[in-house]
Amino acid sequence: MLAIKVENLTKIYRLQDISNSKLKDTFKFLRKKHQKDFFALKDVSFDVQKGEVIGIIGVNGSGKSTLLKILTGVLQPTSGNVSINGKVSSIIELGTGFNHELTGIENIYLTGSLFGFSKQELENKIDEIIRFADIGDFVKQPVKIYSSGMVVRLAFAIAANVESDILIIDEALAVGDVKFAFKCINHMNRLVKKGTTILLVTHDTQTVKSFCKRAIWLHEGQIKMDSDTQSVTSQYIRFLFEHELKMESDQPDIDEQLEPYDEHDKTELSEPLDAKTVDSCEFHSKDWFFGKSKDFEVKTDNGLLLIDSHGSEEFHQLFLGSSSPNTLPENFNDFVISPNQEYALIYNIATNIKIRIGVTIYDSSNKLIEFTHNIFSKESNKALIFRTPENAKFFSIWIEFFGKGKILINGVKLLKINEDEKNIFSQKFPEFIYEENNINKALSISDLELILRNYHLIKDGAVDFKALEELKSKSDGIAVNFENTKWHILTDEKFHWKIQNGSLLVNSNLGNDNFQYIWTGGSSWLDSPPDDKSLYTLEPNTTFELNIDGKFQIKTRFWVIIFDEKNQRTDRIFTIEPENRAKEFLLESISSLGYYRLAFEFIGNGSCQLNEIRIRKKIKNE
Amino acid sequence: MGNSNITLIGFLKDFFRNKQLIAELTKSDFKTNYIGSFFGLSWIVIQPLILTFIFWVVFVVGYKATPIEGVSFVPWLLCGLLPWNFFSSCLAINTNIITQNAHLLKKFKFNISLMQVVKILSSLIVHIFSLMILIIFFQIKIAPVHITIFWIQIIYYLFALSFLLWSTSLIFGILQVFFKDVTHILSLILQMGFFLTPIFWSPHIIPENYLFLFKLNPLYYIINGYRDSFLFQVPFWEDLTTTIYFWFLTLFLFLIGYFLYKKLSPKFADEL
C-alpha cells in the first residue's frame with residue numbers, strides 16, 4: 001500500500017531584483033517577464049510504501065526542506081501531484097509552536113491543538129508526553145525559563161507522541177544529549193515496528209544508515225539517486241569528496257604538498273604508535289648484530305646471511321637489534337610485542353652445525369622476564385611457538401651457534417598466530433641442510449610461511465616443491481608495499497600521513513564528522529579505473545585473501561574498488577575497528593577480468609599504521 | 001496552509017472544524033496578555049475603570065461638558081470610544097498577524113485567518129469586560145442610565161462589529177504579506193477614521209445633506225447602534241437603509257477577503 005506518491009513535483013521560487021513589487025508579481029496581468037526562476041524541486045517523483053523508513057539526504061539547498069514542506073502541506077507545489085495516504089505529522093524546527101509565556105503543560109495543549117488533537121486525546125497523552133520529555137518540575141514553569149535543551153525535549157516529546165501514519169523528521173535527532181538522543185531513536189524504532197512510515201531528512205549519512213533501508217539523494221532539486229541506503233550514502237560521500245576535489249583542483253600537485261614533513265609531525269606520529277609491529281615482521285641480514293668474539297666470517301649474498309664458523313670452543317652469538325641477549329634492543333620501539341598472545345618465530349635457516357635460536361622478552365621496565373629457544377641441527381622445527389607473558393612489552397631475537405660449519409640465514413619472521421595456526425606451526429618440518437652450491441635454491445621466508453600455513457605441502461616428511469611452486473604461482477598475489485605505491489589524498493590540515501620504513505603512518509584529528517581518503521591507482525577519483533591497469537589486475541572468478549596488517553587507533557575502512565572491463569564499478573568495503581592489528585578478509589573478484597583500486601578511509605582522532613596489504617588468492621585448506 | 005481550491009463553504013467550515021484549536025489559541029493569547037503582570041487579569045477591569053474615570057474628570061469636572069442628546073457626556077462618549085478602540089487596535093494587530101506568526105505557518109498546516117479570528121475573540125472578551133464596567137458605571141448616581149430591553153441589541157452589534165473586523169482583517173492581513181506598506185496605510189486610515197467617525201461629535205451637527213457621506217463609514221452604524229441600544233432605546237431596524245448598507249458592505253468586504261485568501265494564501269509560505 002502506498003503511503004506517499006509524488007509525481008513530477010516541481011517547485012519554483014521566483015528570484016527577483018530588490019524591489020517591492022511582490023504584489024504586482026502576484027497578479028498575473030502585471031507580471032514582468034524578466035524574473036529569474038529558481039527550481040527548488042524539479043520533476044521529482046517517488047513512491048513510499050506504507051511502513052517504509054526512508055532517508056532523504058543532500059547538501060544544503062538541495063531541496064530537502066522544500067520537499068518536506070510540500071509533503072506536510074505547508075508549501076504548495078508549482079506543478080505536479082502529491083497524494084498522501086494517512087495522517088502526516090512532522091518534527092521540523094522543534095519548539096516553534098511554543099508560547100514562551102505559558103507553562104510547559106499549557107504549551108503541550110497548545111501545540112497539541114496545532115497538531116490537530118482534541119482536548120480529550122491530549123488529556124490521555126499528557127502523562128506520557130511529560131514522562132518522555134523528562135524535564136521534571138519545569139513542566140509547570142513558563143517555557144521562557146527553559147534551557148534550549150529542555151525546549152527541544154518538550155517539543156520532541158509532543159511531536160513524537162502525536163499518533164500519525166506518516167512522520168516527517170527534519171534534522172531533529174541531532175539535538176539533545178546522548179541519553180535523550182538514545183530515547184528518541186528507541187522511540188523511532190517503536191514507531192517503525194508499529195508500521196509508521198518515516199521520512200528522515202538529514203545530511204548526516206550515519207543517521208540514515210542506522211535507520212533507513214532506502215535513501216533518496218536530492219541534488220539541486222532533482223533525485224540523483226533512489227536506492228538502498230548503503231549505495232546511496234557511499235555515492236553521496238564520494239560525491240562530496242569529488243566536489244571538494246574539484247574545488248581544490250587549481251592547486252598544483254597533491255603529492256608535492258605532502259612532502260614537507262617536519263620533525264614536529266614526526267614525533268607526533270611516533271608517539272601514539274609502536275613503530276614496528278611484530279604481528280608480522282621480518283628481519284634481514286642488515287638487522288643483525290654480532291657478538292664480540294668474531295671467530296667466524298659473515299657475508300651476505302642475495303640478502304641472505306652466510307656464516308662460516310671456524311669451530312672454536314665457545315658459543316657465538318648473533319643478535320637482532322641489540323649487542324647482547326640480556327639487554328634491550330637499542331631501537332626498542334621497533335621491538336614491541338603484545339602480552340598474552342601466541343607468536344610464532346618462523347626462521348629459515350639452513351645449517352650443518354648445532355645452533356640455537358631464541359626470543360627474549362622484557363617487561364615495560366626493560367627487565368628480562370623470559371626467554372624461550374629452540375635448538376636444532378640436522379633435525380629442526382621451523383617455527384618457535386611461544387606465548388608472551390602478561391607483562392611482556394619488548395623482545396629481542398638471538399641466534400647462538402657452536403662448532404665448525406656453515407649457517408645460511410634466509411630470514412626470520414615473528415608472526416602473531418591464532419589457535420588453529422598454532423597447531424600447524426608446531427608440526428615438525430624437514431630441515432634444510434646447508435649445501436654450498438644450493439644457496440639460491442633455498443626457500444624464502446615467505447615460502448616457509450606458506451608451507452607452514454598449508455602444511456599439506458609436506459609430503460613424506462619433505463617439502464613438496466612441485467606443489468609449493470604451484471601454490472606460489474597461484475597465491476603469491478599482490479602485496480602492496482607502501483613505499484613503492486603512489487598514494488593520493490585530498491589535503492586536510494587535520495590529517496597527516498607519511499611513509500616510513502615501508503609503513504604508512506597516519507595521524508588524524510578529523511573528529512567523527514569527516515572522512516579522509518587515501519587511495520591508489522592514480523590521482524583521479526575512485527570512479528574511474530586505475531591509470532595503469534597492468535599494475536592493478538585481478539584474475540576473474542577468484543576468491544582473494546586480503547590481509548591488512550597494521551595498527552589502528554581510529555576507525556578505518558579499507559575499500560577495494562573493482563572495475564570490470566566495461567569500467568562498471570563494484571565496491572568491497574572492510575571496516576577495521578580501532579585497536580585491531582592485523583585483519584584478514586575474503587574478497588571475491590568479479591566474473592570478468594577486473595582492475596582494482598585501493599583506498600583507505602579514516603575517521604576520528606588518533607593514529608594508525610599500515611604495514612602491509614596483501615591480496616592473494618585463497619587456497620582452500622582440506 | 002493555503003488552498004486555492006477552497007470553496008466559500010469550505011473556508012467557513014475550516015473555522016468550525018478547528019473550534020478547539022481556536023479556543024486553545026484564544027486562551028493562550030488571552031493569558032499571555034495578562035500573565036506575569038502584577039495585577040494579572042484584574043487589568044481587564046482596572047483599565048476601563050480608570051479610562052472612564054479620567055474621561056469623567058476631564059470632560060465633566062474639567063470642561064463641564066453638557067449632556068448630549070439628553071444623555072450625560074461620559075456614557076455617550078464611551079459608547080463611541082470603546083467599540084472604536086476595539087476595532088482599531090484589533091485591526092492593527094490583525095494586519096501584521098500573518099507575518100508575525102510566520103514561524104507557525106511554516107510548520108503547521110492551517111488556515112491563517114484562524115489567528116485573526118483568535119485575536120478578534122480574545123479582544124472581544126476584553127471589550128465585553130469593558131462594556132460591563134460601562135454598565136456598572138451607568139448604574140452609579142453620577143450618570144444614571146436605565147436598563148432597558150434594548151440593551152440586548154448590543155449582542156447583535158457585537159456580532160456585526162466582529163464580522164466587520166474579520167472581513168477587514170482578512171483584506172488588510174493578506175495584502176500586508178505581499179505589500180508591507182499596508183501597515184502604514186492602515187494606521188493613516190485609522191487616524192482619519194477616528195475623526196470621521198462620530199466618537200467625539202454627534203452626527204446631529206452634520207448638515208442633513210452631507211450625512212449620507214458619513215454613513216458610508218460602517219463604524220458609523222456600529223457606534224450609532226451602541227448608543228441607540230444603551231442610551232436611546234432605538235431598535236436596530238429603524239434605520240433600515242443603513243442596516244442593509246452595512247451588511248451589504250460587510251459581506252462584500254468578506255467576499256473580497258475570501259477571494260484574496262483563495263488567490264494568495266498558497267503563496268504565503270513563499271513570501272514569509
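At what angle do helix H3 and helix H4 of chain A pack, and how far apart are their axes? The close-ups below take that up first, and all of them show a predicted model.

**View 1. Helix H3 packs against helix H4 in chain A.** Here you're looking at residues 104-114 (H3) and residues 119-133 (H4). The angle comes out at about 130°, and the axes sit 10 Å apart. Because of that angle, H3(A) counts as oblique to H4(A). As for handedness, the two helices cross in a right-handed way.

**View 2. Here's who touches whom between H3(A) and H4(A).** On the H3(A) side, look for Ile105(A), Ile108(A), Tyr109(A), Gly112(A) and Ser113(A). Their partners in H4(A) are Lys119(A), Leu122(A), Glu123(A), Ile126(A), Ile129(A) and Ile130(A). Sort the residues of this contact by type and you get 7 nonpolar, 2 polar and 2 charged.

**View 3. Chain A meets chain B.** On this interface, 32 residues of chain A are in contact with 28 residues of chain B. Together the chains bury about 2,800 Å², and carbon and sulfur atoms give 60% of that area.

**View 4. Glu342(A) and Arg387(A) form a salt bridge.** Side chains of opposite charge can pair when their charged atoms come close. In this pair, the N to O distance is 3.2 Å. Glu342(A) belongs to strand E15 (residues 342-351) and Arg387(A) to strand E18 (residues 383-387), so to speak two distant parts of the chain, 45 residues apart. Over all chains, the structure holds 9 salt bridges.

Conventions:
Residues numbered from 1 in each chain as written. Chains lettered and ligands numbered in written order. Predicted model: local features only at pLDDT ≥ 70, side-chain atom pairs only at ≥ 80, totals over all residues. Heavy atoms only, no water. Axes fitted to C-alpha atoms, helices over the stretch in contact; angles between N-to-C directions. Helix = DSSP H or I, 4+ residues; strand = E, 2+ residues; numbered from the N terminus. Parallel < 35°, antiparallel > 145°, perpendicular 65-115°, else oblique. Left-handed = near helix turned anticlockwise from the far one by under 90°. Contact = heavy atoms within 4.5 Å. Nonpolar A, V, L, I, M, F, W, Y, C, P; charged D, E, K, R; others polar. Buried area = accessible area lost by both parts, 1.4 Å probe. Salt bridge = Lys/Arg side-chain N within 4 Å of Asp/Glu carboxyl O.
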